[in-house]
Amino acid sequence: MTDGAVTETARVLVAADKFKGSLTAVQVAERVTAGLRRVVPDVRVEALPVADGGDGTVAAAVAAGFERREVRVTGPLGEQLTAAFALRDGTAVVEMAEASGLQHLPAGVFAPLTATTYGSGELLRAALDAGARTIVFGVGGSASTDGGAGMLAALGAHFLDAAGEPVGPGGGGLRDLATADLGGLDPRLADVDLVLASDVDNPLTGPKGAAAVYGPQKGATEADVATLDAALAHYASVLGPELAAAPGAGAAGGIGYGALIALGASFRPGIEVMLDVLGFGPALERATLVITGEGSLDEQTLHGKAPAGVAAAARAKNIEVIAVCGRLALPPEALGRAGIRRAYALTDLEPDPARSMAEAGPLLERVAEKIARDFLS
């Protein structure tokens with residue numbers, strides 16, 4: 001017995017984010033599609049991997065037809081690495097984590113006071129060199145808490161101490177900041193529409209700021225958090241405090257503030273702007289059922305994460321939404337309020353978290369088979 005509306009013309013849109021540590025968004029779509037077709041071989045499935053501005057954003061854009069471009073940039077510890085951005089028709093999707101993300105730190109190594117976003121500025125410059133007129137700047141997963149100073153330095157700004165020497169890298173160096181010269185910023189930035197895409201709306205400083213909330217994830221001790229928060233407050237007093245409390249200023253170690261105050265960026269929720277860029281609207285028009293999801297469906301999901309954005313857009317069109325996840329930590333009523341009819345978790349099939357992550361692909365196919373039986377056959 002099925003509990004979903006069934007029609008011979010069912011058209012499924014798979015618009016899910018990655019299962020972090022297990023499957024990319026592209027792999028999630030592939031596994032869901034395989035499972036659905038095992039039960040309903042001729043079901044029409046359209047895959048549109050999504051992201052909310054954090055890691056995986058460039059991959060989602062490439063899956064949607066953007067061209068992948070690679071460039072050598074400076075990593076968070078000053079090392080050289082290869083990072084990518086995506087480009088199509090004058091629009092570039094730049095993912096801060098590609099250059100300055102935690103994934104570039106060696107296992108167990110953190111540099112909360114000295115990690116830099118310089119490479120993110122180099123990525124933005126590469127997008128300008130490629131002719132981008134609109135840049136979607138996805139921020140999240142940063143290894144740094146430097147307020148975007150490194151990014152701005154790569155784009156031509158100068159941050160000097162009292163002796164007229166450049167301050168050190170990272171948020172710790174901002175304690176010594178005496179003057180900031182933004183006059184050398186790349187002039188092409190004035191003619192570009194730069195959109196700051198983030199799933200967080202934290203201010204730059206304070207108890208909900210970049211250092212206090214996210215610093216510990218980057219290895220910051222309690223003393224480091226106090227140092228970084230004071231350094232960011234001082235940095236904002238030099239550049240201008242008026243946008244320090246703006247939504248998104250505290251995103252990705254304060255890089256949001258740097259983009260807002262110095263680059264003229266506009267802030268939009270990451271999933272909202274990414275759905276626009278990826279062509280979700282037209283895909284939704286073709287769908288009768290949407291399957292979304294991410295690794296963990298929890299309280300954070302409800303605050304700007306990809307599944308919530310997908311479900312909200314689908315609900316506005318009266319299209320039913322099913323979610324898949326590795327772990328489910330939301331009650332049915334919370335899912336319902338978010339516009340999600342039902343959620344299927346891998347841990348329902350394999351309760352051991354480590355095994356569930358290791359076997360995520362085959363388990364997700366089995367979950368998709370159940371969805372097909374419940375809603376498509």
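Helices (H or I, at least four residues) and strands (E, at least two) are DSSP runs, numbered from the N terminus. The structure is a predicted model, in which local features need pLDDT of at least 70, side-chain atom pairs count only at pLDDT 80 or more, and totals for chains, interfaces and linings use all residues. Residues are numbered from 1 along each chain as its sequence is written, and side-chain values use heavy atoms, with hydrogens and water left out.

Just after α7, glycine 240 adopts a positive phi of about 135°.

The next matter is burial, where buried means under 20% relative accessible area, exposed over 50%, and partly exposed in between (1.4 Å probe, protein chains only). In α7 the buried residues are Asp224, Val225, Leu228, Ala231, Leu232, Tyr235, Ala236 and Leu239. These residues cover an arc of only 140° around the axis, which puts them on the same side of α7; the arc is that of the directions from the helix axis to the C-beta atoms. An α-helix has 3.6 residues a turn, so residues three or four places apart point the same way. The face of α7 turned away from the buried side carries the exposed residues Glu222, Ala223 and Ser237. Among the elements that cover the buried residues of α7 are α5 (149–154), β7 (158–160), β8 (179–181), α6 (210–214) and α8 (251–263), with contact meaning heavy atoms within 4.5 Å.

Elsewhere, two helices pack together. Helix α1 (residues 25–39) and helix α14 (residues 360–375) meet at an angle of about 45°, and their axes are 7 Å apart. Axes are lines fitted to C-alpha atoms, for helices over the stretch in contact, and angles run from 0 to 180 degrees between N-to-C directions. Residues of α1 in this packing include Val28, Val32 and Leu36, while those of α14 include Leu364, Ala368 and Ile371.

Two single residues complete the tour. Threonine 57 lies in helix α2 (residues 57–63) and, at 1% relative accessibility, counts as buried. Beyond its neighbours within four places in sequence, threonine 57 contacts Ala51, Asp52, Val93, Glu95 and Met274. Arginine 268, by contrast, belongs to strand β10 (residues 266–269) and is partly exposed, with a relative accessible area of 25%.
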